[in-house]
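Please read the following walk through the structure alongside the sequence and coordinates.

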Amino acid sequence: MSTVLVLVHHDDGVIRKSSLELLTLARRLGDPAAVVHGDAGDALAEALGRHGVTTVYAIAPPDPESYRPAVEALALAQLAARTAPVAVLITSGPSGTEVAARLAVRLDGGIITDAVQVRAEAGGPVATQSVFAGAWLVEGRVRRGTPVITVRPNAVTPEPAAEPVTPQVERVELAEPVPAAVPRVVARRAKAATGRPELTEATVVVAGGRGVGSAEGFALIERLADELGAAVGASRAATDLTWCPHELQIGQTGKTVAPQLYLAGGISGAIQHRAGMQGSRTIVAINKDPKAPIFQIADFGVVGDVHTVLPALIDEIAKRRG
Amino acid sequence: MALRLILGLLMTAVAFTVAGRRLFMLYRLGRAAQPADPGRTRGGAARLRAELTEVLGQRKLLAWTVPGVAHALAFWGFLVLALTIVEGYGALFQRDFHLPLIGTEPWLGFLEDLFVLATLVSVLIFAGIRVRHSPAREGRRSRFFGSHLDAAWLVLFMIFNVVWSLLLYRGAQINTGNFPFPGGAFASEAVARLIRPLGAGANDVIETAGLLLALGIVLLFLVLVVHSKHLHIFTAVGNVAFGRRPRALGALLPVYSAGRPVDFEDPGEDDTIGRASIEDFTWKGMLDFATCTECGRCQSQCPAWNTGKPLSPKTLIMGLRDHALAAAPYLLAGDKSRVDALATAAAQTPLVGVDGVVHPDVLWSCTTCGACVEQCPVDIEHVDHIVDMRRYQVLMESSFPPEAGVLLRNLEHAGDPWGRGAGARTEWTDGLDFPVRTLDGERLPDDVEYLFWVGCAGAFDDRAQRTTRAVAELLHTAGVSFAVLGGDETCTGDPARRIGHEVLFQQLAAQNVETLNNAGVRRIVATCAHCFNTLANEYPQLGGAYEVLHHTQLLSRLVADGRLVPVTPVDATITYHDPCYLGRHNRVFTPPRELLGSVPGARLTEPARTRETSFCCGAGGARMWMDETIGTRINETRTDELLAGRPDIVAAACPYCVDMLGDGVALRRQQDRVDEHVVVTDVAEVLLRSVREPAGPAAPLTANEPRKAQP
Amino acid sequence: MKIAVLIKYVPEATASWRFADDRALDRDGVEGRLSELDEYAVEQAIRLAEAGAATEISYLTMGPPRAVDALRKALAMGGDRAVHVVDDALHGTDAAGTAAVLAAALRRIEADLIICGMASTDAEMSVLPVMVAERLQLPAVVNAAVLKVADGSLTVERDTEDATEEVVAPLPALVSVTDRSGEARYPSFKGIVAAKRKPVTTWSLADLEIPADRVGAGGAATEVLAVRPSPPREAGTVITDEGDAAARLADFLAANKLL
Ligand SMILES: Cc1cc2nc3c(=O)[nH]c(=O)nc-3n(C[C@H](O)[C@H](O)[C@H](O)COP(=O)(O)OP(=O)(O)OC[C@H]3O[C@@H](n4cnc5c(N)ncnc54)[C@H](O)[C@@H]3O)c2cc1C
Ligand SMILES: Cc1cc2nc3c(=O)[nH]c(=O)nc-3n(C[C@H](O)[C@H](O)[C@H](O)COP(=O)(O)OP(=O)(O)OC[C@H]3O[C@@H](n4cnc5c(N)ncnc54)[C@H](O)[C@@H]3O)c2cc1C
Ligand code: SF4
Ligand code: SF4
């Protein structure tokens with residue numbers, strides 16, 4: 001069977017879930033060969049074997065400081081030239097997309113991004129994309145060069161292979177030097193664990209409205225925000241009632257936010273409020289009125305009392321985070 | 001005798017030279033300004049009527065009884081006093097001069113004395129008002145806060161001097177036998193009796209000295225007048241004559257440059273867009289500034305000023321006048337390099353800016369509610385000036401409160417203020433138990449009576465949707481056929497125009513006019529007071545002439561015609577809030593009240609400020625889309641005024657007002673400052689509740705209304 | 001320093017988007033605009049020019065004739081000139097083809113710094129910046145939140161999932177900026193009028209010496225086999241709290257990688 005190159009990421013030998021998803025898809029297309037950065041220890045190899053990986057290519061980085069996406073793209077290009085894979089699978093995301101883009105140019109072939117499904121067909125793997133905010137599904141394939149496909153995380157459920165195999169581990173030295181003119185990461189600061197992010201820049205926003213009932217009720221919103229490392233926002237009703245500072249107001253006469261997650265507690269979702277948050281990627285609402293307009297735009301809604309749901313949620317998250 | 005003539009003429013010559021130079025400078029300043037829009041001289045009859053009622057009749061002044069009467073006395077007093085001045089000049093040449101024809105009639109003598117005294121009374125009343133309402137006592141609440149107080153007192157003092165010197169001279173004239181009137185001049189006669197014991201010689205001297213004194217004081221007064229706010233006694237006549245008729249409310253004027261409307265598709269190289277500096281104002285603007293009497297009537301009604309914001313329409317106009325005068329030497333100079341430093345610095349001060357003549361907070365605080373224009377006794381056009389300054393800021397500098405950027409982008413890209421887009425425009429029809437005809441580009445069928453203009457709020461705002469549905473249901477019940485444009489409707493452009501973005505307004509409006517004209521629309525009904533105003537008053541500027549009704553007008557007709565019958569009692573005290581753009585701007589005061597009055601059981605109460613003096617909800621002038629952080633919230637102030645009458649229902653007739661007041665009541669409810677059951681709603685919903693049979697579906701009034709949340 | 005900004009003309013977010021019969025995005029039937037995310041790129045370029053770090057800003061787009069509106073919009077915000085690559089043969093071009101065309105155009109524009117948006121708002125692939133950079137053999141830094149240029153190098157601050165990184169690359173280089181990089185200005189009418197007088201050059205494929213069979217749907221390295229509307233997105237899940245809401249909500253967050 002033909003090879004499928006899979007760029008696998010791991011944390012100290014523990015394979016990331018998104019990589020497991022790639023391997024699950026790869027087995028449908030051919031023989032998965034995992035490409036990993038750095039040494040592949042026995043544990044990692046064994047784990048990869050459980051997921052049907054027959055060959056592990058361990059890239060020896062020329063220098064630990066080298067710009068990782070550039071190294072990965074070079075390695076994949078080199079391996080693709082050698083193994084003529086049916087596809088290269090990479091996880092979608094800033095760094096995966098960067099690797100895929102470089103690779104596709106080097107291989108002078110086609111690229112498909114953010115697939116939610118990939119299946120084998122006679123003419124080569126067919127990828128399904130969910131586009132225009134999920135309104136349309138597009139099926140496409142690469143018809144020139146090696147297909148480079150990035151896959152959206154969480155699109156498939158990772159499963160181990162029916163029968164584990166023992167993979168061969170091969171160390172790959174880069175045949176080509178990493179170009180001199182690549183970016184260099186000169187500093188990395190772990191995201192501050194304390195201190196809330198700026199409201200308009202936060203990836204998660206927890207906002208409270210009149211429904212929290214009091215300044216003490218608003219403190220629940222703040223506690224949940226801290227649990228999630230989120231910024232705190234508010235409806236105008238909550239700021240007018242001085243339960244929180246005016247700067248936190250979101251909406252038509254306040255801030256406009258578009259985080260990955262917007263969690264609203266006790267907010268009805270008036271148009272003036274929605275104007276400032278409707279661009280959020282995922283909207284979660286907790287409100288005791290099932291007819292509250294916020295539920296029309298919520299991806300997940302809880303009809304319930306913030307005074308019971310919020311404390312329980314804070315505990316639940318703390319528990320899951322260990 | 002000769003001495004008195006020479007002295008008199010000399011005084012006159014000096015005063016006329018000083019005053020004349022000043023007037024000539026003011027005239028040149030006016031000439032240096034931009035030409036005004038061409039409508040300023042059209043409609044002679046209306047202009048004449050305005051002169052008769054507002055100037056001669058003192059209509060707007062008399063709306064405030066005490067100061068109004070005082071001013072009317074002074075005004076008419078001065079008209080009559082003009083005769084005594086003529087007599088005085090005559091007396092310079094001929095000691096016993098009298099006016100031709102009627103000059104010796106006792107009734108004229110009586111009239112003259114009567115008005116001399118009237119003037120004195122008015123001075124006393126004015127002084128009383130100024131003491132009682134002095135800024136020192138009342139602070140910001142005083143309408144004189146920010147006025148030039150010393151100058152005002154000086155003027156009152158001068159009028160007082162005119163009065164006594166006149167009486168003194170007339171009394172002496174009687175004693176010397178040179179008085180033209182054989183009788184009637186009762187006050188002069190009283191003075192004559194008082195000074196007669198001094199003897200003939202003394203009276204002779206007093207006559208001459210008194211005459212010269214009286215004329216001198218009048219001349220001094222003249223000089224003072226042309227250098228102060230009292231210039232209005234000359235300019236008010238012109239300002240009223242050239243004012244916008246019937247009033248500078250309703251429509252805004254298009255952007256004019258050099259007296260011609262600006263073509264934004266292909267603007268001229270040196271078109272002035274809005275007002276970048278003082279010389280960009282038109283001569284009518286300059287006349288406005290020159291005419292302001294600093295009376296503060298505008299300030300007393302301004303919602304921005306009354307809620308602690310820096311904007312006062314009075315100090316705005318005063319500031320522009322003071323700036324124009326300070327910069328005048330520079331503006332009028334041929335060789336600018338030789339102008340003194342102060343004037344040069346003034347001319348180079350930016351018009352709008354943190355260190356400018358007008359602070360941005362002042363400019364952006366205005367809700368364009370029109371209370372100032374309504375009040376102003378000399379018809380100053382504040383709203384137009386404010387919008388003109390905004391136009392420059394937005395169009396040329398792209399400078400405006402940042403929150404408003406979201407509004408402008410949404411209007412541009414989605415055609416509505418919230419960025420919902422055309423696709424969602426008919427969502428409000430979901431769940432109605434009758435179909436709503438949507439044109440979607442088709443022509444309006446002949447059997448359809450009205451195009452129902454839903455408006456952005458009416459289509460997207462949860463509270464306003466209730467009004468939209470109520471009106472649709474009422475029209476349906478009354479058997480009125482109507483249709484909506486659906487996705488082809490876009491924002492009328494009101495917020496864009498009022499924030500100063502004329503280009504965006506023109507785009508939106510042109511698109512709507514094309515849609516409406518293509519559909520063959522002639523009659524429109526709108527629920528939003530702002531849409532109503534724009535459609536009715538501004539679309540004609542773009543070739544869209546329709547008969548536009550506000551829903552309260554149409555519904556009250558239907559009730560009057562018996563096509564809608566309110567049957568179910570609504571046992572409630574209702575306070576009606578006049579929306580600025582329905583009431584003041586468009587004079588629709590009665591229909592909403594008739595509607596509420598037709599509902600059995602309803603008890604209508606009026607808030608303290610109502611009709612022409614209604615207090616803004618805070619949303620107009622695109623303020624709806626700007627944050628309000630200075631002072632207190634206008635909507636809260638208005639809510640408290642309305643709640644003072646302890647109503648069960650606060651009714652309004654505009655979605656902006658319903659939102660603003662609804663928010664205010666919800667806040668007071670959470671603060672336990674108003675009873676749980678009080679609701680804010682549109683007049684139409686009250687009517688609908690009453691038109692529906694008692695057994696019908698539950699009253700819609702309280703649906704969606706935010707309840708008090710439990711802690 | 002010369003800057004080139006890559007901008008894309010995309011359908012309005014509120015328009016109803018659909019595919020035409022040839023399975024390409026129907027761009028004729030809908031209103032278009034300068035991609036909102038590219039406005040941030042334009043903004044950064046103008047800020048660099050205002051700070052004196054850049055001497056000239058050129059915009060480049062590849063798109064249908066109406067894409068010139070996007071160029072005009074950018075020019076109204078600021079900048080000096082624009083290049084529009086337009087050719088009937090380009091209809092249906094995929095990412096690889098687009099990258100080839102843009103790279104060819106950029107070779108002629110000769111910029112020291114190329115600024116892109118983080119993604120288009122229609123296809124949202126986020127690949128073009130890097131593909132173009134790879135073709136031009138330039139260093140690329142994606143998703144910049146803060147961007148500085150000094151002494152012939154580019155310094156970028158950007159957020160990754162768990163950290164804030166500072167990345168440095170020598171010029172010439174390419175950078176893509178996020179919507180966190182600084183609010184884009186609202187063009188004034190003065191700017192719109194000025195934009196009408198700024199030069200917009202049109203290049204065809206022939207001008208760029210690119211064979212027509214390498215682009216368009218025919219020359220694409222990918223092909224679209226089928227398009228269909230998704231089953232109508234179930235309105236979000238709404239559950240009623242029966243004591244288990246917190247756990248179910250946490251499950252939802254976990255399943256969407258939001259915990
Ligand atoms: C000009 C203008 C500008 C405005 N600008 C903004 C703006 O920028 N931002 C903004 O947010 N608003 C703005 N508003 C106000 C807006 O119209 C709404 O009034 C406001 O958003 C309502 O806030 P809320 O949802 O917190 O309160 P409410 O609408 O009162 O909603 C409270 C919600 O909490 C629920 N609730 C109550 N108790 C509980 C409980 N124990 N558990 C769970 N749920 C509960 C209720 O069911 C209700 O849905 C503006 C209004 C105007 C007129
Ligand atoms: C729904 C959909 C799915 C698609 N899927 C694929 C696919 O899987 N594989 C494939 O090869 N093609 C695909 N295409 C075709 C693809 O849209 C075009 O080839 C496009 O040029 C790719 O870039 P993008 O719009 O995703 O841009 P991105 O890579 O998201 O754009 C990032 C930045 O690049 C710059 N840029 C992008 N396009 C242009 C341009 N035309 N002119 C100037 N600058 C630009 C801008 O700065 C932009 O912010 C798809 C198209 C659609 C509509
Ligand atoms: S229009 Fe209203 S808010 Fe504006 S200055 Fe006049 S009174 Fe004040
Ligand atoms: S603008 Fe009019 S109302 Fe206001 S102070 Fe001047 S004269 Fe009086």
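Helices (H or I, at least four residues) and strands (E, at least two) are DSSP runs, numbered from the N terminus. This is a predicted model, in which local features need pLDDT of at least 70 and side-chain atom pairs count only at pLDDT 80 or more, while totals for chains, interfaces and linings use all residues. Residues are numbered from 1 along each chain as its sequence is written, chains are lettered from A and ligands numbered from 1 in the order in which they are written, and side-chain values use heavy atoms, with hydrogens and water left out.

Two annotations come from UniProt; their positions are given in the numbering used here, feature names are shortened, and annotations may be inferred rather than shown by experiment. In chain B, an unreviewed UniProt entry places the feature "transmembrane region" at residues 6-24, 61-86, 106-129, 150-169 and 205-226. Residues 61-86 of chain B are 92% helix and 0% strand, with end C-alpha atoms 28 Å apart. For residues 150-169 of chain B, the figures are 100% helix and 0% strand, and the end C-alpha atoms are 28 Å apart.

Burial is next. Buried means under 20% relative accessible area, exposed over 50%, and partly exposed in between (1.4 Å probe, protein chains only). L60(C), in strand β4 (residues 56-62) of chain C, is buried, with a relative accessible area of 0%. Leaving aside neighbours within four places in sequence, L60(C) is in contact (heavy atoms within 4.5 Å) with residues including V5(C), I7(C), L71(C), V83(C), L102(C) and I109(C).

Helix α15 (residues 341-348) of chain B has A343(B), T344(B) and A346(B) buried. These residues cover an arc of only 160° around the axis, which puts them on the same side of α15(B); the arc is that of the directions from the helix axis to the C-beta atoms. On the other side of α15(B), A341(B), L342(B) and Q348(B) are exposed. The cover over the buried residues of α15(B) includes α14 (313-332) of chain B. At the N-terminal end, D340(B) caps α15(B), with a side-chain oxygen 2.9 Å from the backbone nitrogen of L342(B).

Side chains of opposite charge can pair when their charged atoms come close. A salt bridge is a side-chain nitrogen of Lys or Arg within 4 Å of a carboxyl oxygen of Asp or Glu. Over all chains, the structure holds 81 salt bridges. R197(C) forms one with E269(B), the closest N and O atoms being 3.7 Å apart. R197(C) lies in the loop between α5 (189-196) and β12 (200-203) of chain C and E269(B) in the loop between β2 (260-261) and α11 (283-291) of chain B, so the pair joins two chains. R197(C) counts as exposed at 59% relative accessibility, and E269(B) does at 71%.

E412(B) forms a salt bridge with K73(C), with the closest N and O atoms 3.2 Å apart. E412(B) lies in helix α19 (residues 403-414) of chain B and K73(C) in helix α2 (residues 68-77) of chain C, so this pair also joins two chains. E412(B) is partly exposed at 32% relative accessibility, whereas K73(C) is buried at 17%. K73(C) also forms a salt bridge with E39(C), at 3.9 Å between the closest N and O atoms. That pair links distant parts of the chain, with E39(C) in helix α1 (residues 36-50) of chain C, 34 residues from K73(C).

Which residue is buried yet has no salt bridge? It is E98(A), whose nearest side chain of opposite charge, R158(C), is 4.5 Å away. (Lys and Arg count as positive and Asp and Glu as negative; His and the chain ends are not counted.) E98(A) is found in helix α4 (residues 94-107) of chain A.

Most residues other than glycine have a negative phi, and most peptide bonds are trans. A cis peptide bond joins L171(C) and P172(C), with omega about -5°. D672(B) has a positive phi of about 60° although it is not a glycine, and its place is in the loop between α28 (655-670) and β11 (679-682) of chain B. D672(B) is exposed, with a relative accessible area of 57%.

How values were computed
A polar contact is a pair of N or O atoms within 3.5 Å; within protein, one must be able to donate a hydrogen and the other to accept it, and residues adjacent in sequence count only if both atoms are side-chain atoms.
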